[in-house]
Amino acid sequence: MKIKEKTSRVVIKTVVALLVAVYVLFPFFLVVINSCKTTNDITANPIGLNGVSISNLITNLSDVINNTHFMFWSAFGCSVIITVLSLVLLALLGAMAAWVICRNKTKWSVVIYFTFIASMIIPFQVVMLPLISTFRDVGKFIGISMLQSIPGIIFAYLGFGGAMTVFILNGFIKGIPMELEEAASIDGCSPEQTFFIVILPLLKPVITTVTILNGMWIWNDYLLPSMMLGQNGVVKTLPVAVQAFVGSYVKQWNLILAAALLAIVPILILFFIAQKQIMEGMIEGAVKG
Amino acid sequence: MGEFSATRKISSFGCMIAGIVLMLMGLYLAISKTDALGIRGMLLIIGCVVFFVGLYFFPTLKHHRGIINFMFLFPLLFAFAVTVIIPLILGVGYSFTDWDGIRIRNVVGLENYIRMFKQPQFIWSILVTFLFVVFNIILVNLVAFMLALLCTSRLKGLGFFRAAYFLPNLIGGIVLGYIWQFIFSNVVTKFTTALFDSRYSMLSETRTAFIGIIIVYIWQYAGYIMLIYITGLNTVPGDVIEASSIDGATPIQTLFQIKIPMIAPTITICTFLTLTSAFKQFDVNLALTNGTGSVSSFLGSYLTKGTQMLALNIYDTAVINNEYAFGEAKAVLFFIILAFVSIVQVRMSNKKEVEL
């Protein structure tokens, strides 16, 4: 027996769902239309379509892109490089570490595992101040700047993202039968070959999950890059650039919203391409984490 | 050891020794400060890599697995130790001194911790944060759960609705903070002017600004929590619901007696997520109000940062006011509160889950 719902109820639900969708998407709509206006048109009517034109959009965008505080292309490039390299390294080094921790049930592997888990509750605020001074001192000591440099911030993301990455990967590796590795080792595989040839390809789905989780966090992160890179440095990520740009202007909303548009569009494109994977990855990460 | 060729032995030992020598040279240059060429960092890094290559080819069968274990663990553990463990230990230590971000002059004991409780602004921030957390746990979960119910019923275009509700979660707090600042101060004011003849932005008054932050936070976060509830609701078997409806249960009864008890673990996860993320809220707070909002009288003083939550208070203390040790002490307290509250929450939920 199938429960048939009354049509009136379905209609009501659809209307509610649509209203919520309108409410949720309205801010995006406002960003788009208002970055196509001049400041005067925005103050006159921020909701209407009066004064919306492509030429305004182009003027606003080019003003923002060429702004010395924003420097869109440089910020975008830095964000991409930092995010991509951090993600690749986190996935690879995280998988290596998780595999070792999972497959060696010794005292130290348990200690390391629980240290990782316990560290996930540490708020960034506790470590950020000594982190900056440590990085400054280390940078001075070895003569390679760790602050205001891309390698430095990638190194920091490795440290902060490591715990969750290992935790999620560890849960997955537990489910891979040990016989697989034993068979490989009988066939003459060394441990490192076993990992790279047998285990790593099997981790593909869970690596997708951690990459999405870490990617969302690193791409949108503001506090860590703003502390490490500074507001006015050469190396800037997109959120830092947006903050620096807005801080330097007195409420020129057409430009601020154009900057917001530039920051939003790349991630929206990514979402439209990989919507299913992103949503599933976020769920899995939450349920396991 | 007989099965290893002499070349392998020599190259392994050679690499390890060369690596150690390179690292020692780098260290010597760094400590003696005679590095005119600026190559000490490179020497250390190359030395480390060369040493690892030598270690990898170390002629042993028995310990090879151990060497691989070490080499696989080392990079991540090293980064973790340098970025999390060492700063954490240093930070706790610094909170008992007068550290100014560069050097320490005196050890002051508990002075920082005592001082923060004499600061009305800080106590206000703690209260506001707690209020924010409580409101968020209730409202985000409620909204998300209702959206999840909506998105698991038979509607057309469910995929679109789910994606649409989730969309705000993709955007960073800074960017959406500014978008909403625009909405509150330019769009909402148009309506309030027409309706109540009030030209003031919601964000200019503490109470309404606080509500504003909550609205933005629900807008950003409810879609994500909704996805987790949907996954939970989908695990409730259809035949149980069918059986209950045959027994004459109303949809409301089904909801409260079957669906909610059966997704208790999901509720735990979602409560935990909303709790910790609301506690750590920083980006939206910074971009939307930057903490501003006047409080005419609290503990006998006038406050200007009425919507400043803990994370922002710590940031302002250390980075804006340059009181590093004081900010660090506040951060340590923040850590203790967060750890305590999350442990209590997990314990309580576990007990409830068993009872249900």
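The model is predicted: local features need pLDDT of at least 70 and side-chain atom pairs count only at pLDDT 80 or more, while totals for chains, interfaces and linings use all residues. Residues are numbered from 1 along each chain as its sequence is written, and chains are lettered from A and ligands numbered from 1 in the order in which they are written.

Chain A holds 14 helices and 0 strands, where helices (H or I, at least four residues) and strands (E, at least two) are DSSP runs numbered from the N terminus. With a radius of gyration of 24 Å, well over the 19 Å that the globule rule gives for 289 residues, chain A is more spread out than a compact globule. That radius is taken over C-alpha atoms, and the globule rule is 2.2 Å times the number of residues to the power 0.38. Along the principal axes, the C-alpha atoms of chain A fill a box of roughly 75 × 75 × 35 Å.

Of the 289 residues of chain A, 44% count as buried. A residue is buried if 20 or more other C-beta atoms lie within 10 Å of its own, exposed if 12 or fewer, and partly exposed in between, with C-beta atoms placed from the backbone. Two residues are in contact if their C-beta atoms, placed in that way, lie within 7 Å. Among the contacts in chain A with a separation of 6 or more, 71% are between residues 24 or more positions apart.

Domain bounds come from an automatic or database domain assignment. For chain A this gives domain 1 (7-65) and domain 2 (72-248), whose centres, taken over C-alpha atoms, are separated by 37 Å. For chain B it gives domain 1 (6-89) and domain 2 (117-355), with 46 Å between the centres, again over C-alpha atoms.

Where the chains meet, 73 residues of chain A are in contact with 80 residues of chain B. Helix α1 (residues 7-34) of chain A gives the largest share of the chain A side, 12 residues. That side divides into 56 nonpolar, 14 polar and 3 charged residues; Ala, Val, Leu, Ile, Met, Phe, Trp, Tyr, Cys and Pro count as nonpolar, Asp, Glu, Lys and Arg as charged, and the others, Gly among them, as polar.

A nonpolar core is a set of buried Ala, Val, Leu, Ile, Met, Phe, Trp, Tyr and Cys residues joined through C-beta atoms within 7 Å. The largest one has 178 residues, and those with the most contacts inside it are Ala97(A), Ala259(A), Ala260(A) and Met226(B). Leaving aside residues up to four places away in sequence, Met226(B) touches Ala144(B), Leu147(B), Ala148(B), Cys151(B) and Tyr165(B). Another core, of 7 residues, lies apart from it and includes Leu29(B), Leu43(B), Leu44(B) and Val50(B).

In chain B, strand β1 (residues 295-298) and strand β2 (residues 301-303) run antiparallel and are joined by 2 bridges; strands pair if DSSP finds at least two bridges between them. Phe298(B) has Ser301(B) as its bridge partner in β2(B). The hairpin has 2 residues between the strands, and Leu299(B) takes a positive phi near 50° there.

Most residues other than glycine have a negative phi. Met71(A) has a positive phi near 45° and is found in the loop between α3 (54-65) and α4 (72-103) of chain A. Asn322(B) has a positive phi of about 60°, in the loop between α13 (310-320) and α14 (324-355) of chain B. Met71(A) is partly exposed, with 19 other C-beta atoms within 10 Å, whereas Asn322(B) is exposed, with 11.
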